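User: I have this protein open on my screen. Can you walk me through how its helices pack and where its pocket is?

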Amino acid sequence: PPPGGPDRLLVLWDVDLTLVNTRGVGWHLYRTAFAELFARELPDSAGSASMAGRTDHAIVLDVLGRAGVPDAASHVRPFEEALARLAGGVHGMVAESGTALPGTRQALDALAGIPGVVQSVLTGNVRQVAEAKLTPLGLATHIDFAVGAYGNEHAIRAELVPLARERAGAAYGADFAGSSTVLVGDTPLDVGAAHAAQARAVGVATGQFAAADLEAAGASAVFADLTDTAQVVAAVLGSPDRYQPRPA
């Protein structure tokens with residue numbers, strides 16, 4: 001690595017609208033879980049709950065409240081458990097209607113070829129749902145899900161960063177403090193979570209937020225998408241010297 005560069009780097013990818021667009025699979029799981037737990041359809045009014053950048057823990061509480069469920073907080077954990085249990089049933093739906101966003105595979109592959117880089121996810125999804133969204137699209141190969149952090153583990157996204165760091169540190173015998181962790185995501189909440197943990201953030205404007213929103217939130221680099229592999233990887237590494245593209 002260059003002078004001052006990290007020997008090890010933990011790259012934490014957001015899932016939805018950063019790596020993939022699963023076109024409503026998440027909401028399908030919410031509707032299915034709700035029907036299973038409450039024996040009625042999830043009302044349309046609950047669909048106004050924002051999902052962008054939020055954790056399942058926060059979204060579930062919001063959705064249940066909008067659906068008129070009494071004492072909604074007591075039902076959050078059973079709902080998350082239902083999401084996890086149902087996730088295995090959507091692999092076919094993801095394979096049929098979901099897509100890997102442009103440049104995703106190339107970025108994951110390129111980072112996987114660099115010594116010292118560990119790739120996982122920091123996502124609002126529960127782990128089983130994250131795996132169900134990535135595996136059918138062939139994007140799970142380089143992701144160590146065991147060291148990621150997930151949306152049922154804290155309502156606040158920023159609180160997930162220390163969890164992932166601790167797990168990765170234990171698994172790989174390395175210190176991922178400070179700029180040795182980088183989050184890649186499509187919302188200001190991804191960027192804010194990185195800053196709260198003194199990590200770096202790379203923004204990708206493939207969701208509902210414009211590049212200007214991600215820049216204003218403080219991302220160290222922002223891309224329209226992940227298609228320029230060399231530039232994306234250089235930004236993730238924090239130093240262009242660490243990445244030399246393979247010859248064509």
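This is a predicted model: local features need pLDDT of at least 70, side-chain atom pairs count only at pLDDT 80 or more; totals for chains, interfaces and linings use all residues.

User: At what angle do H1 and H3 pack?

Analyst: About 120 degrees, with the axes 9 Å apart. H1 covers residues 25-38 and H3 covers residues 76-86. Helices are DSSP runs of H or I with at least four residues, strands are E runs of at least two, and both are numbered from the N terminus. Axes are lines fitted to C-alpha atoms, for helices over the stretch in contact, and angles run from 0 to 180 degrees between N-to-C directions.

User: What does that angle make H1 relative to H3?

Analyst: Oblique. Under 35 degrees counts as roughly parallel, over 145 as roughly antiparallel, 65 to 115 as roughly perpendicular, and the rest as oblique.

User: Which residues meet there, between H1 and H3?

Analyst: From H1, they include Leu29, Tyr30 and Phe34. From H3, they include Pro78, Phe79 and Leu83. Contact means heavy atoms within 4.5 Å. The contact of H1 with H3 has 11 nonpolar residues, one polar and two charged. Here Ala, Val, Leu, Ile, Met, Phe, Trp, Tyr, Cys and Pro count as nonpolar, Asp, Glu, Lys and Arg as charged, and the others, Gly among them, as polar.

User: Now H2 and H3. How do their axes cross?

Analyst: At roughly 115 degrees, and they come within 10 Å. That makes H2 roughly perpendicular to H3. Asp56, His57, Val60, Leu61 and Leu64 of H2 touch Val76, Phe79, Glu80 and Leu83 of H3. Six of the contact residues are nonpolar, one is polar and two are charged.

User: What about H5 and H10, at what angle do they pack?

Analyst: About 50 degrees, with axes 10 Å apart. H5 and H10 are therefore oblique to each other. Their contact has seven nonpolar residues, two polar and no charged.

User: Switching topic. How much space lies in the largest pocket?

Analyst: About 520 Å³. On a 1 Å grid over the protein atoms alone, a pocket is an open set of points where a 1.4 Å probe fits, with protein on both sides within 12 Å along at least five of seven lines; lining residues have an atom within 4 Å of a point. Points are joined across faces, edges and corners, and the volume is the space filled by probe spheres set on them.

User: Which residues are closest to its centre?

Analyst: Asp16, Leu17, Met51, Ala52 and Lys133, out of 29 lining residues.

User: Which helix gives the most to that lining?

Analyst: H1, with five residues.

Technical notes. Residues are numbered from 1 along each chain as its sequence is written. Side-chain values use heavy atoms; hydrogens and water are left out.
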